[in-house]
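Keep the 3D view open as you read.

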Amino acid sequence: MKSLDFLCSPVSVIKEAEDLMADAYGCDDAFFIVGGTTQAVQAMVMSVVSDGETIIMPRNVHKSAINALILCGAKPHYMYPYIEEEFGMTTGVSLDDVKKAIDEAPKAKAVFIINPTYYGVASELKTIIEYAHSKNIKIIVDEAHGAHLPFHKDMPDAAMNLGADMSAVSTHKTGGSLTQSSVLLLNTNRIKRNHVKTILNLTQTTSASYLLMSSLDLTRRFLVKEGRENLTEVLKLARKARTAINEIEGLIAFSYDSFDSAGCYGFDETKLGVNVTGLGLTGLFVFDVLKEDYNIQIEMGDAYNILAILSVGDSEKRVNQLIAALNAISNKYKKAPLHLPFKKFNATAVAYSPRQAFYAEKERLALLDSVNRVSGESIMIYPPGIPIVAPGELITKEMIDYVALLKSEKGTLSGLDDTECNYIYCIKES
């Protein structure tokens, strides 16, 4: 219907709403996305690289970025973010990391940055953007967990405000829009709007949900008019929870000071990450106990930690329930601290591009027998959806050991054709 406009080529009400979104985020253009931030990330990657070209990206990217390389045929040059071994997690990348990667891959067309990570850690974004642009290299940013960043002074800087070329923003995660709605943001100095629109229309539905688009428009209005006030209250709740949890024996609630400055240049306090190994427990176990025994659904658990995300939808009552539940878990389950055999994943050879690996002839091997072979599949735990093994990479013993640990803790593993995660398809050797 003409009066309702058309998402694939908006000229009236949808275009007006997208322009208002761009103004809210301080960028040149915004695109409403109804296929989730996965679609936004894929369009972002395919807008800056094509078949045979190279993109620099941290190895802890979401699977959507790897899948974008399968679609377009570009090759990844991986950076390895700083690792906090005590907490079993990666944090951010530094300017030095990016300089080194550009020296190693001088023909790279773009650099992909995560801002912030799942646990709220921001990278050295401002200087990275300035340096990449001085080398005529584009900067695209996965801000899936940063929809709220521009709307409060105590948040890390948002990519668009610092001059990034594109960012993909999950308004449904921390802004309040309906699940599956997202926004792709663009500054047009180096990337043209019509090029991005053309890329989007390769995968975008021609029957976009007006319910999702309306929720994006309403979320933008809320963040602009009430975001600062509401986020101030959310930060108060997060700070209260962090203080209280740190008083519980065996628990560490992360703050900016928890992380080495080598990988942390800013921290989003609304991400309430808690290390639980001091209780002698894994985060996967505590995640399940919170849900099954206390009816509290948090965002995720991994081998070492749990993560709760506080947002404009939370209340003091809910925060108090979480604190009380963690106190009870400490009293009930606490035992000797858990010392997990954490091993740093060393950089492995990218023998094939993800696209080449996806289409290559493969053979099925027992996972335990796949060490030193090239993977034809991904293995990931969801959430967060970061591949432990990515297609085209050499499989290492450390990867297999970590998968075994996640299986033993009943983590939700995905990506393999074998849903039991006992077998993996590897590139067939000639």
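## Helices, cores and loops

Helix α2 passes helix α3 in a right-handed crossing. Please keep in mind that this is a predicted model. The axes of α2 (residues 36-46) and α3 (residues 63-72) come within 8 Å and cross at roughly 50°.

How much of α2 is buried? Ten of its eleven residues are, so α2 is largely enclosed by the rest of the structure. The buried residues of α2 include Gly 36, Thr 37, Gln 39 and Ala 40.

Now turn to α8 (residues 210-245), which packs against α10 (residues 316-333): their axes come within 10 Å and cross at roughly 15°. That makes α8 roughly parallel to α10. The crossing of α8 past α10 is right-handed. From α8, the contact uses Leu 237, Lys 240, Ala 241, Ala 244 and Ile 245. From α10, the contact uses Glu 316, Val 319, Asn 320, Ile 323 and Leu 326. By class, the contact of α8 with α10 has seven nonpolar, one polar and two charged residues.

Helix α8 has another partner, α1: these two pack at an angle of about 35°, with their axes 10 Å apart. Here the crossing is left-handed. Ile 14, Ala 17, Leu 20, Met 21, Ala 24 and Tyr 25 of α1 make the contact with Tyr 210, Met 213, Leu 216, Asp 217, Arg 220, Leu 223 and Val 224 of α8. This contact of α1 with α8 has eleven nonpolar, no polar and two charged residues.

| Helix pair | Axis distance | Crossing angle |
|---|---|---|
| α2 and α3 | within 8 Å | roughly 50° |
| α8 and α10 | within 10 Å | roughly 15° |
| α1 and α8 | 10 Å | about 35° |

In soluble globular proteins, nonpolar side chains tend to be buried together. In this model the largest nonpolar core has 49 residues, and Tyr 25, Val 111 and Ile 113 have the most contacts inside it. Among the elements that give two or more residues to this core are α1 (13-25), β1 (29-33), α4 (95-104), β6 (110-114) and α8. Leaving aside residues up to four places away in sequence, Val 111 touches Ile 56, Met 79, Val 98, Ile 102, Ile 137, Lys 138, Ile 139 and Ile 140.

His 148 sits in the loop between β8 and β9 (166-169). Is His 148 buried or exposed? It is buried, with a relative accessible area of 1%. Not counting residues up to four places away in sequence, His 148 touches Met 155, Thr 174, Leu 231, Asp 268, Thr 270 and Lys 271. Ala 360, in the loop between α11 (354-359) and β16 (362-366), has 18% relative accessibility and counts as buried, the cut-off being under 20%. Ala 360 and Cys 426 are 66 residues apart in sequence and 9.1 Å apart in space, C-alpha to C-alpha.

Finally, some backbone details. Most residues other than glycine have a negative phi, and most peptide bonds are trans. A cis peptide bond joins Asn 115 and Pro 116, with omega about -5°; Pro 116 lies in the loop between β6 and β7 (121-122). Asn 295 has a positive phi of about 55° and is found in the loop between α9 (283-294) and β14 (300-301). Asn 295 is exposed, with a relative accessible area of 64%. Asn 372 has a positive phi near 75°, lies in the loop between β16 and β17 (379-381), and is exposed at 54% relative accessible area.

Methods. Residues numbered from 1 in each chain as written. Predicted model: local features only at pLDDT ≥ 70, side-chain atom pairs only at ≥ 80, totals over all residues. Heavy atoms only, no water. Axes fitted to C-alpha atoms, helices over the stretch in contact; angles between N-to-C directions. Helix = DSSP H or I, 4+ residues; strand = E, 2+ residues; numbered from the N terminus. Parallel < 35°, antiparallel > 145°, perpendicular 65-115°, else oblique. Left-handed = near helix turned anticlockwise from the far one by under 90°. Contact = heavy atoms within 4.5 Å. Nonpolar A, V, L, I, M, F, W, Y, C, P; charged D, E, K, R; others polar. Core = buried A, V, L, I, M, F, W, Y, C linked by side-chain atoms within 4.5 Å. Buried < 20%, exposed > 50% of the residue type's maximum accessible area, 1.4 Å probe, protein only.
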